[in-house]
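Me: Got a model to go through. Can you take me over confidence, core and helix packing?

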Amino acid sequence: MSQTEVEAADGPSVSEKVGRPAPDPTTAPRLYALDALRVMAALSVLAFHYTGVDAATEANWGVNPRELFPWLFPVTSYGSYGVQLFFLISGFVICLSAWDRSPAQFVRARFLRLFPAYWFSALAAFAVWRALPDGSRTGPSISESLTNLTMLQVPLSAQHLVGAYWTLWVELTFYLVFLLVIWRGLDYRRVSVFCWLWLLASVLVQQPGNQVPILGIFAQPLNTALFVSGIAMYLMYRFGPDLQLWGLLAAGWLVMQSDLVQHADGLRHDRGMDRDPYIALALVTVFYLLVLAVALHKSDRVGGRWFATAGALVYPLYLLHEELGWAVIRSVYGRLGAWPTLLLTVTLMILAAWLLHRLVERPSQRWLRARLAREDRADRADRADRADRRTP
């Protein structure tokens with residue numbers, strides 16, 4: 001074990017808590033375990049959308065998926081909770097990637113990560129919806145479809161091109177809130193104080209007569225608790241666990257469980273989703289333990305480049321799988337039957353995700369990164385030239 005790892009295992013020093021940066025995490029081995037968890041989350045959401053009991057799912061098969069997949073349904077009906085695992089991982093990873101970056105660098109990195117693949121998938125979803133409508137729902141208008149390209153369809157009251165895109169707005173609000181901390185510079189104390197305040201705000205905003213409605217957008221209890229828990233576990237990973245971080249993680253879990261059980265119970269009563277709220281809570285608690293294993297360096301031996309490759313396909317797969325997958329199901333189920341259709345659809349979506357990653361996402365990111373770098377150099381040179389002319 002290196003000296004850096006020994007110091008991290010003993011927890012943050014006083015100087016680190018008051019602002020001295022810890023060793024650069026980019027020198028540590030890649031966290032392949034997080035890649036594996038992201039793959040698990042994506043596949044669970046995909047399985048839910050294809051075989052879970054939901055009005056849209058039933059409309060695309062033409063029959064209740066419970067009847068088509070009687071032994072699979074009890075498992076995949078809980079697959080939507082893969083989203084909660086995504087949010088936990090996001091809190092961990094965004095804190096990791098933002099450390100020692102300026103606000104401009106953070107915004108640029110998030111833009112390059114999110115938008116190139118998203119724009120393509122949104123256009124693909126629009127084309128598929130127009131060519132192969134399912135007939136059970138009214139699709140977004142052309143104006144709403146264009147609004148989706150901004151990723152701001154929720155505050156602009158536009159319909160999602162793809163139902164799963166609701167999570168992207170949640171992620172975006174997290175980035176905007178976290179940007180306030182990055183602006184001051186990330187260190188142990190600032191990040192931990194921010195987490196306590198954000199978690200508290202998410203609880204207080206639920207009180208009747210809330211006079212700051214914008215907090216309802218940026219501090220939703222369930223999502224905030226998951227992001228805060230992920231951040232707390234990253235701080236454990238970087239600085240080592242201490243009493244404050246254990247307390248923050250416990251507080252995040254307690255807020256999460258309260259809102260999760262209420263939400264799951266509401267879905268069971270309002271939408272007829274036959275899922276036990278406490279099974280859902282147990283599942284999300286397992287997710288906490290899995291990410292905590294990464295935070296405590298219990299998964300450092302997990303390796304294999306294929307984890308990184310599979311992890312790179314998670315975002316494209318998430319973007320594409322719903323609308324395109326349903327179109328495949330509608331097109332071939334009548335000829336192939338349930339199981340062949342399901343296997344074919346999953347295979348095609350993984351292939352589509354790989355093509356999107358290799359042919360669109362990576363090339364566009366490289367081009368945009370190079371273009372932005374050239375513009376930065378030109379802007380710095382221009383500012384330097386103007387400064388020289390002003391110098392007597």
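Reply: Start with pLDDT: the predictor's confidence in each residue, from 0 to 100. This is a predicted model, where local features need pLDDT of at least 70, side-chain atom pairs count only at pLDDT 80 or more, and totals for chains, interfaces and linings use all residues. Residues are numbered from 1 along each chain as its sequence is written, and side-chain values use heavy atoms, without hydrogens and water.

Me: What is the mean pLDDT of the chain?
Reply: The mean is 85, and 84% of residues reach 70 or more.

Me: Where is the pLDDT below 50?
Reply: Over residues 1–16, a stretch with 21 contacts (heavy atoms within 4.5 Å) beyond near neighbours in sequence. Residues 18–27 are also below 50, with 16 such contacts. Where pLDDT is low, the predicted coordinates should not be read in detail.

Me: New topic. How many residues has the largest nonpolar core?
Reply: 108. A nonpolar core is a set of buried Ala, Val, Leu, Ile, Met, Phe, Trp, Tyr and Cys residues joined through side-chain atoms within 4.5 Å. Buried means under 20% relative accessible area, with a 1.4 Å probe and protein chains only. Phe 178 and Ile 231 are among those with the most contacts inside the core.

Me: Which helix gives the largest share?
Reply: Helix α13 (residues 221–239), with 13 residues. Helices are DSSP runs (H or I, at least four residues), numbered from the N terminus.

Me: What does Phe 178 touch?
Reply: Leaving aside neighbours within four places in sequence, its contacts include Ile 94, Leu 186, Phe 194 and Ile 231.

Technical notes: Buried < 20%, exposed > 50% of the residue type's maximum accessible area, 1.4 Å probe, protein only. Helix = DSSP H or I, 4+ residues; strand = E, 2+ residues; numbered from the N terminus.
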